[in-house]
Amino acid sequence: MPHIQLVVVQPTPFCNINCRYCYLPDRSNNAVLADETIANLFSQVFASGWLQHGLTVVWHAGEPMVLPIDFYRRAFRLIDSLKPAETELTHAFQTNGTLIDDAWCAFFTEADVNVGVSIDGPKRLHDINRRSRSGHGTFDKTIAGIRRLRERGVPFHVISVLSAESLAVPREMFDFYVSEGIDRVCFNVEESEGGHVSRSFGETGIEDSYYNFLREFWRLAAAAPGKFGFIREIDDATRLVLRPKEAVFFNQLVEPFAITSMDWAGNIATFSPELLGLKSAEYGDFILGNINRDKLTDMAAGAVLQRMRRDIDAGVELCRERCDYFSICGGGEPVNKLSENGSFVSTETTYCRMSKMRATDLVLDLIELMGNRVGELADTDIRNLGAAPLATDVVAAVPVN
Ligand code: SF4
């Protein structure tokens, strides 16, 4: 039986900006998700018996904040009216931050929304790729939004897409976050997806650049205790490497419906959320059905899902047989295998070599250097490893490749 953990909802495909690395083909379409479609999705999700613990709903577009706050007030009330009392539900927004004002801050607080803002570093780095529709940099508006969140006391994290330029300057990135009071950061790499071919992936030595960036960033963070509450790539790699033997790794991206994505028209996809908007010569599209016409339970038994599942499972088995990193990855991201290798039935990608292998190498190199102090460290809260004073000198000693 599937276990839904995350529902990704596209309230509109429209985005008010036009990033150079965006792969979404429909970002000029200003269609809006109907209340009826929201009701059809959530009534089926709650009735499916596929929820285990809580549920996170991510509002991800396009740009979710191009819709008025009242759209979300209504949507949240509707979802709440359908939700069983015992189900814990959290809403999250991923936004470019350019439209954040006091009214949005008040709404985020009132509805207890987890807010993620996309910003790629200081102005000179951010504006390389994150451009307005007229081609101008969007940094000034994004940083104004972030400052507003801070002034209003709204917790948030940032996601920064690392380019070849930013990978070369970890100190500048670090100083930027510290100067803006940003203490929760997630790093993405510019991926090849859909029609977009990553500029970064074409750079010679990009995987070592990623390793060296993380190493230096970690060293700086460890030397400045209290400045960072969360550095996703380091915290996740550390947690996975040092987890108890009996803790089974669950890869949401290869489990049907663990992540369930719906576009504004009610079309449903699963596995990697990016598959919702993609097409391929082999599969056509990756739409399992439409929530306004079809039952989720029928989609689970449908031919589209069965074929994808067969191929994704075969790719996972290849990873299990061939890859030393399988225990911390679980067979990776189907969308990256398809986009880079042309098939789900494949293993390594540039994406996984960077985000999985090199991040894990860094933690393993650190552990080797720490020698028998790891036992002592494992008894502490390992999530805090990056900021632990114990780690400071050791992180600094991790060799540069
Ligand atoms: S790191 Fe890459 S090759 Fe290894 S299991 Fe993950 S996706 Fe497969």
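**Exercise 1. How close do the axes of helix α2 and helix α3 come, and at what angle do they cross?**

Before you start, keep in mind that this is a predicted model.

*Solution.* Two packed helices are described by the angle between their axes and the distance between the axes.
- Step 1: find the helices. α2 covers residues 69-82 and α3 covers residues 102-110.
- Step 2: get the geometry. Their axes come within 11 Å and cross at roughly 10°.
- Step 3: classify. Angles under 35 degrees count as roughly parallel, so α2 and α3 are roughly parallel to each other.
- Step 4: α2 passes α3 in a left-handed crossing.

**Exercise 2. Work out how α1 packs on α2.**

*Solution.* 
- Step 1: α1 spans residues 35-47, and its axis comes within 9 Å of the α2 axis.
- Step 2: the two axes cross at roughly 30°. That makes α1 roughly parallel to α2.
- Step 3: as for the hand, α1 passes α2 in a right-handed crossing.

**Exercise 3. Now do the pair α7 and α8.**

*Solution.* 
- Step 1: take residues 170-179 for α7 and residues 206-222 for α8.
- Step 2: the axes are 9 Å apart, with a packing angle of about 45°. α7 is therefore oblique to α8.
- Step 3: the crossing of α7 past α8 is right-handed.

**Exercise 4. Where does the ligand sit, and what surrounds it?**

*Solution.* 
- Step 1: locate the ligand. You'll find it in the largest cavity.
- Step 2: list the shell. Around the ligand are C319, C323, F326, C329, G331, G332, T347, E348, C352, K356 and M357.
- Step 3: sort the shell by type. Six residues are nonpolar, three are polar and two are charged.
- Step 4: assign helices. α12 (326-329) and α14 (350-370) each supply at least two shell residues. The largest share, three residues, comes from α14.

Terms used:
Residues numbered from 1 in each chain as written. Predicted model: local features only at pLDDT ≥ 70, side-chain atom pairs only at ≥ 80, totals over all residues. Heavy atoms only, no water. Near = heavy atom within 4 Å. 1 Å grid on protein atoms, 1.4 Å probe; cavity = no way out; pocket = protein on both sides within 12 Å on 5 of 7 lines; lining within 4 Å. Sits in = over half its atoms within 2 Å of the grid points. Helix = DSSP H or I, 4+ residues; strand = E, 2+ residues; numbered from the N terminus. Nonpolar A, V, L, I, M, F, W, Y, C, P; charged D, E, K, R; others polar. Axes fitted to C-alpha atoms, helices over the stretch in contact; angles between N-to-C directions. Parallel < 35°, antiparallel > 145°, perpendicular 65-115°, else oblique. Left-handed = near helix turned anticlockwise from the far one by under 90°.
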